[in-house]
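Thanks for coming. Please have the model open.

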Amino acid sequence: MISQRRKGIQTDQIGKGKVGFVKFIEVTMKIITIIVPIAEIISIILNTSVLPVWARIVGICIAVTGAAVFITSVVTMRDSWRAGVSKTDKTDLVTSGIYSFSRNPAFLGFDLVYIGVLLMFFNLILFIISVFGVIIFHLQIVNVEEDFLIEAFGEDYLNYRKKVCRYFGRR
């Protein structure tokens, strides 16, 4: 974000210039990306978990994988990275690297981190908040980002969508 700001790129586009359901989704997504880490930190401090040690170890592996996937997605996008969609900024359609295996690796990374931390420090409140976060991310993809990408990149995006799965895999 700092590098983009120096180039005059506004990275945070969440809710800006949006109306209706799209604005609701983006603003809710922004709020949940603040609430989930707070709930995770509280769960870590309280060392909550009703799951066995093996589940917590699996959670560590999933969370680390999610962080790596997210970081890789941001690095691969370079200056095309945005939080939220912007109809005014020109970006490139990135289809190489991790994007050749996932159309939405950043959201996949967030989901994996949420699931991993949930397994490490499971409690009902964290479960509810994490599931809500995953649902909101999915709604952002389906109701905001995919529509924007079709509008911005047309046939190129539609062809890419036919080849690469939303979260992981090739067709």
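When I say contact, I mean heavy atoms within 4.5 Å. This is a predicted model, in which local features need pLDDT of at least 70 and side-chain atom pairs count only at pLDDT 80 or more, while totals for chains, interfaces and linings use all residues. Residues are numbered from 1 along each chain as its sequence is written, and side-chain values use heavy atoms, with hydrogens and water left out.

Start with Leu51, in the loop between α2 (20-46) and α3. Helices here are DSSP runs of H or I, at least four residues, numbered from the N terminus. Which residues does Leu51 touch, leaving aside neighbours within four places in sequence? Those are Arg56, Leu119 and Phe122. Leu51 is partly exposed, at a relative accessible area of 27%; buried is under 20%, exposed over 50%, and partly exposed in between, with a 1.4 Å probe and protein chains only.

Next, α3 itself, residues 53-77. Its buried residues are Ala55, Gly59, Ala63, Gly66, Val69, Ser73 and Met77. An α-helix has 3.6 residues a turn, so residues three or four places apart point the same way. The cover over the buried residues of α3 includes α4 (105-120).

How do α3 and α4 pack, by angle and axes? The angle is about 160° and the axes are 7 Å apart, using lines fitted to C-alpha atoms over the stretch in contact, with angles from 0 to 180 degrees between N-to-C directions. So α3 is roughly antiparallel to α4, a label for angles over 145 degrees.

Last, just after α3, Arg78 takes a positive phi of about 50°.

Notes. Helix = DSSP H or I, 4+ residues; strand = E, 2+ residues; numbered from the N terminus. Expected span 1.5 Å × (residues − 1). Parallel < 35°, antiparallel > 145°, perpendicular 65-115°, else oblique.
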